[in-house]
Amino acid sequence: MIYLVPLIGALLLASGLAIAYVIGGATVLAFLATDNSRYLAILPQQIFSKIDVFALMAMPLFILAGEVMNRGGVTRVLIRLAMALVGRLRGGLGHVNVMTSVFFAGISGSAVADSAAVSNTLVPAMTEQGYKLTYAGAITAASSIIGPIVPPSIIMIFYGALMGTSVTALFIAGIVPGLLLAAALMAVNAYYAWRDDHPRLARGEVPPLLPTLAHALPALSIPLIIVGGIVLGWMTPTEAAAVAVLAATGAGFFYDRLGPRAILESLKRTAMLSGSIFMIICAVSALGYLGAMERLPEAIAGTVTTLGLSPIQYLILLNVIFLLSGMVLDITVALALLVPLLAPVAIAQGADPVHLGIVLCFNLCLGLISPPLGGCLLIVSTVTGLNYWRLARAILPFLLVEIGVLVLLTAIPDLSLWLPRQMGLMGN
């Protein structure tokens with residue numbers, strides 16, 4: 001029975017195994033412990049069918065583009081552009097922090113890469129200007145989750161592959177939620193700037209707009225190539241990812257910060273991250289196969305029917321489950337484990353798969369800035385030397401506002417679906 005998997009998995013996890021081995025090992029042992037062992041012979045075929053998906057090829061390419069960009073000096077260029085645009089406002093460096101995350105999101109699609117890059121550069125600058133270290137770290141971590149929402153998004157590629165949903169539609173659907181999240185964070189920053197009298201940058205500290213914009217054009221061309229090429233139908237997301245790698249490499253050479261060593265490090269890091277993600281996909285696909293044989297999705301649907309949950313009530317329940325899961329699980333693990341089991345019931349009740357993808361991906365991203373784990377909290381804490389729990393307390397106001405944005409996205413599907421519908425990517 002599939003109920004053996006959590007028990008066996010807990011025992012394997014206690015032994016210190018990596019999560020992919022825990023899931024895979026528990027699943028295989030559950031096969032052997034039940035009368036499903038005869039199906040083990042066709043398990044490899046089931047696993048390879050899950051990873052033999054064209055859209056998944058975009059994932060390592062976007063990871064590589066982000067790695068190359070981070071090592072190629074593009075981050076500093078984007079920060080200077082954000083300073084030129086909003087640096088003169090009160091609490092200017094806080095606004096710069098959020099806007100840099102928006103620019104960064106259009107290239108890397110990774111919250112972890114965003115938090116690491118900005119922690120190294122903007123947090124020291126903010127403390128020099130008089131901001132508290134806890135505040136600088138909190139807004140850095142909070143704004144980093146814009147990365148997986150604004151296209152390109154690695155986790156949306158993953159969701160699209162799991163659910164057979166158009167990655168292009170998911171990318172475009174993430175634009176408005178990502179900008180709405182940025183606006184909400186800038187509003188919170190404006191309030192704290194007024195309350196705590198945060199400084200604005202002096203005129204001499206703000207780079208001139210036009211020269212800075214001209215210098216940033218190679219960096220800004222990367223998200224324009226990605227989104228523009230996909231929207232205009234010139235490229236698939238996978239092809240756009242390959243072009244993004246070339247554009248990021250070109251931008252790195254333009255800014256004279258990219259050499260053979262940096263490229264080699266980017267390739268090694270991409271191979272490690274991609275390999276770990278595909279290992280998780282393989283392990284979870286085995287678990288999904290066992291769940292299908294045990295008719296687990298049908299059991300979940302039957303439970304929902306028995307409880308009499310309406311579509312909106314079930315969506316609220318999903319939000320609670322994914323929010324709690326995101327606090328303790330890696331995003332890719334949570335997506336791979338929960339989406340195939342729980343999302344089909346919501347779609348059967350009438351939920352749009354694109355809207356559902358935006359809500360669930362946004363939800364899991366909140367786990368990156370939520371205790372007890374919080375990947376982005378850990379990175380910002382490590383880079384800045386800030387106590388983890390002090391940082392976790394400082395981020396609470398931003399986290400509550402982001403949960404409010406999640407509630408809006410859940411209640412008003414058109415916030416996500418309006419733009420892809422206007423572009424003809426989905427029906428009305």
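How many helices and how many strands are there in the protein? The structure, which is a predicted model, contains 22 helices and zero strands. Of its 428 residues, 53% count as buried. The contacts also reach across the sequence: among those between residues at least 6 apart, 78% join residues at least 24 apart.

Helix α5, residues 74-86, has 13 residues and reaches 19 Å from its first C-alpha to its last, close to the 18 Å expected at 1.5 Å a residue. Ten of these 13 residues are buried, so α5 is largely enclosed by the rest of the structure. The buried residues of α5 are Val 74, Thr 75, Val 77, Leu 78, Ile 79, Leu 81, Ala 82, Met 83, Ala 84 and Val 86.

The buried residues of α16 are Tyr 314, Leu 315, Leu 318, Asn 319, Phe 322, Leu 323, Ser 325 and Gly 326.

Two helix pairs illustrate the packing. The crossing of α6 past α8 is right-handed. On the α6 side, the contact is made by Gly 94, Asn 97, Val 98 and Ser 101, and α8 contributes Ala 136, Ile 139, Thr 140, Ser 143 and Ser 144. By residue class, this contact comprises three nonpolar residues, six polar residues and no charged ones.

The second pair is formed by α9, residues 154-163, and α17, residues 331-348, with axes that come within 10 Å and cross at roughly 45°. That angle makes α9 oblique to α17. This crossing is right-handed. From α9, the residues in contact are Ile 155, Phe 158, Tyr 159, Leu 162 and Met 163; from α17 they are Ile 331, Thr 332, Leu 335, Ala 336, Val 339, Pro 340, Ala 343, Pro 344 and Ile 347. Here the division is 13 nonpolar, one polar and no charged.

Two single residues complete the account. Pro 420 lies within helix α22, residues 414-422. Is Pro 420 buried or exposed? Its relative accessibility is 0%, and because buried means under 20% relative accessible area, Pro 420 counts as buried. Pro 420 is 252 residues from Thr 168 in sequence, yet the two are 8.6 Å apart in space, C-alpha to C-alpha.

Asp 197, by contrast in setting, is found in the loop between α11 (175-196) and α12 (209-231). Most residues other than glycine have a negative phi. Asp 197 has a positive phi of about 55°, although it is not a glycine. With a relative accessible area of 54%, Asp 197 is exposed, since the exposed class begins over 50%.

Methods:
Residues numbered from 1 in each chain as written. Predicted model: local features only at pLDDT ≥ 70, side-chain atom pairs only at ≥ 80, totals over all residues. Heavy atoms only, no water. Left-handed = near helix turned anticlockwise from the far one by under 90°. Helix = DSSP H or I, 4+ residues; strand = E, 2+ residues; numbered from the N terminus. Contact = heavy atoms within 4.5 Å. Nonpolar A, V, L, I, M, F, W, Y, C, P; charged D, E, K, R; others polar. Buried < 20%, exposed > 50% of the residue type's maximum accessible area, 1.4 Å probe, protein only. Axes fitted to C-alpha atoms, helices over the stretch in contact; angles between N-to-C directions. Parallel < 35°, antiparallel > 145°, perpendicular 65-115°, else oblique. Expected span 1.5 Å × (residues − 1).
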